[in-house]
Amino acid sequence: MDLKSKLLHAVLGAFFAAASPVFAQETPNVVFILADNVGFGDMGPYGGGELRGMPTPITDQLAREGLTLTQFLVEPSCTPSRAALMTGQYSIRNGLSLFIIPGTPNTLPKTAFTMGQLFKDAGYSTAIYGKWHLGIDAQSLPSAHGFDTFYGIPPNTSWDSAATVPGVMLSHSAGDVPEKDLIDKGPWIMEQKAGGELKKVKPFTLEERAKIDVDLTQKSVAFIKEQAAAKKPFFLYLPFSMGHSPNLPSKDFAGKSRIGEYGDKIMEGDHHVGQVFDALKEAGVDDNTIVVFASDNGPTGLEFSNWSALGAPDMGSSGPFRGRLGAGTEGSIRTFAFIRWPGHVKPNTDSYAMFSIMDFLPTFAAILGKELPKDRPIDGVDQTKVLTGESEAGARETLLSFIGADLVAARWKQWRIYFKDEVRTGSGHLQLGGADTGFIDRAYPSVYNIEMDPHEDVNVGGNFIWAMEPALKAVMEYEATLKDHPNPKPANVTNFGGN
């Protein structure tokens with residue numbers, strides 16, 4: 001071959017190599033790690049970590065390498081936030097505005113369009129390892145919504161279900177039924193492949209509760225390596241247990257923090273995030289992977305504090321904000337979120353843009369170049385420009401908060417407007433979001449400025465009555481969508497009567 005032919009051969013070879021998807025992946029992989037009930041004030045970059053007796057070095061490094069959202073907003077409890085994340089809609093639009101408990105009919109509808117389906121339709125391999133909490137009906141399972149692989153706790157329960165059998169035995173609620181029979185009937189860790197049956201793997205006991213995040217991380221690491229070796233784009237959803245009572249740490253982290261089991265579990269979760277990062281680097285896909293690490297809710301309240309030894313509260317911190325899991329207040333719906341995307345997200349930056357958990361679905365759709373369904377309202381907005389630093393304010397100014405059938409509050413910029421007062425109910429059996437909260441209707445909304453008054457101690461509605469108008473406008477716009485897209489029957493676990 002003469003010199004001219006060799007040069008032409010080399011140029012053509014380089015051209016086809018660059019054009020081949022074997023050598024270059026056009027769209028990024030996505031890893032979404034979701035903590036559970038970790039508050040705004042828990043992680044190091046938000047003023048927690050070492051200062052709260054539980055160092056989070058991996059998360060601190062993540063903040064240095066990516067974007068920290070300081071106004072990341074979720075829904076008041078586990079199922080609602082996960083429904084909002086998956087569908088890009090307010091949870092009430094899918095009848096999931098209270099957390100699912102076994103025995104209730106609340107379940108993700110077959111017609112829901114989810115983040116799993118978005119990535120599946122884009123040719124991605126998809127997996128979820130951990131907590132689904134959107135229903136165990138066949139129509140609601142991860143496999144029915146775009147996920148190739150599921151492994152985790154029962155899809156209609158949460159992490160505390162590991163205490164079911166010990167609780168039944170403690171109270172003798174099953175009479176003389178042997179423990180082994182109770183375990184067989186109790187919650188099991190389960191798995192499912194797309195198109196296959198939901199299978200039991202092993203009982204979800206307190207012993208398994210302590211080590212489940214180890215298992216979920218190992219499976220996540222294996223999935224990353226497998227997909228990278230196959231040169232296949234992937235979406236990994238890792239909703240692990242870090243932060244949710246009972247925070248039983250694995251043996252390697254028991255006693256590591258200075259504040260008891262909650263701190264131990266936060267440190268363990270931080271370590272597992274590091275293992276995922278190591279897997280991405282070892283697989284050579286670190287530079288083309290979006291990693292999100294966020295929490296689904298604010299911290300639990302004192303009603304869960306008695307899990308831990310020596311009376312150390314098994315609960316996190318909402319930082320300067322008022323409230324906790326299940327409430328409609330800022331401390332319940334405002335928590336942490338970090339985003340890392342090399343070459344697109346500028347390192348060591350933060351954003352005060354209002355960013356809802358619903359916004360991830362349209363943001364990922366925009367990054368993939370895919371359209372979302374137009375036959376339903378999508379409440380999330382595309383926040384790609386927040387990620388890339390092109391927009392300081394972001395694309396959102398308002399957000400509504402629902403608990404069950406009730407619209408309890410709205411956000412407009414830095415203003416929180418409440419349509420109902422939340423009160424401690426004591427022994428009263430009122431509808432709740434995840435704790436002992438009831439509601440009293442107000443004649444006029446109350447107004448708080450969370451920058452003037454982060455703890456919401458002073459109602460300034462009389463002085464700043466004009467702040468209600470934009471919030472009420474957002475409510476009216478939402479209600480207008482219900483004419484053509486009515487919500488299903490709202491979630492309810494206390495008020496029956498045939499309604």
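The model is predicted, so local features need pLDDT of at least 70 and side-chain atom pairs count only at pLDDT 80 or more, while totals for chains, interfaces and linings use all residues. Residues are numbered from 1 along each chain as its sequence is written, and side-chain values use heavy atoms, with hydrogens and water left out.

**Overall picture**

The protein has 12 helices and 17 strands; these are DSSP runs numbered from the N terminus, H or I of at least four residues for helices and E of at least two for strands. Of its 499 residues, 55% count as buried (buried is under 20% relative accessible area, exposed over 50%, partly exposed in between, with a 1.4 Å probe and protein chains only). Take the contacts between residues at least 6 apart in sequence: 70% of them join residues at least 24 apart. Contact here means heavy atoms within 4.5 Å.

**Helix 3 and its surroundings**

Helix 3 is mostly covered, with 10 of its 10 residues buried. Among them are Cys78, Pro80, Arg82 and Met86. What do the buried residues of helix 3 pack against? The partners are strand 1 (29-35), helix 4, strand 8 (234-239) and helix 10 (360-368).

Ser91 sits in the loop between helix 3 (78-87) and helix 4 (115-121). Ser91 counts as buried because its relative accessibility is 0%. Leaving out residues up to four places away in sequence, Ser91 touches Glu75, Pro80, Ala83, Leu96 and Ser97.

**How helices 2 and 8 cross**

The axes of helix 2 (residues 57-65) and helix 8 (residues 261-282) come within 7 Å and cross at roughly 55°. The axes are lines fitted to C-alpha atoms, for helices over the stretch in contact, and angles run from 0 to 180 degrees between N-to-C directions. Helix 2 and helix 8 are therefore oblique to each other (under 35 degrees is roughly parallel, over 145 roughly antiparallel, 65 to 115 roughly perpendicular, and the rest oblique). Helix 2 brings Pro57, Ile58, Thr59 and Leu62 to the contact, and helix 8 brings Asp270, Val273, Gly274 and Phe277. By class, that makes five nonpolar, two polar and one charged residues. Ala, Val, Leu, Ile, Met, Phe, Trp, Tyr, Cys and Pro count as nonpolar, Asp, Glu, Lys and Arg as charged, and the others, Gly among them, as polar.

On a 1 Å grid over the protein atoms alone, a cavity is a set of points where a 1.4 Å probe fits but cannot get out, and a pocket is an open set with protein on both sides within 12 Å along at least five of seven lines; lining residues have an atom within 4 Å of a point. Points are joined across faces, edges and corners, and a volume is the space filled by probe spheres set on them.

By this rule there is one cavity of 30 Å³ or more. The largest cavity holds about 40 Å³, and its lining includes Leu73, Glu75, Ala84, Tyr90 and Met358. That lining splits into eight nonpolar, one polar and one charged.

The second largest pocket has a volume of about 400 Å³. Of its 23 lining residues, Ser351, Tyr352, Ala353, Glu392 and Ala393 lie nearest the centre. Strand 12 (349-351) and helix 11 (384-388) each supply at least two lining residues. How does the lining of the second largest pocket divide by class? It has eight nonpolar, seven polar and eight charged residues.

**Links across the sequence**

| Pair | Separation in sequence | C-alpha distance |
|---|---|---|
| Phe223 and Thr149 | 74 residues | 9.7 Å |
| Ile333 and Leu73 | 260 residues | 5.3 Å |

Phe223 is in helix 7 (residues 206-229) and is buried, at 5% relative accessible area. Its contacts beyond four places in sequence include Tyr129, Phe234 and Phe235. Ile333, in helix 9 (residues 330-333), counts as buried at 0% relative accessibility. Beyond four places in sequence, Ile333 is in contact with residues including Phe72, Leu73, Ser401 and Arg416.

A cis peptide bond joins Ser245 and Pro246, with omega about -5°; Pro246 lies in the loop between strand 8 and helix 8. His172 has a positive phi near 55° and is exposed, with a relative accessible area of 61%. Lys413 also has a positive phi, near 50°, and counts as partly exposed at 37% relative accessibility.
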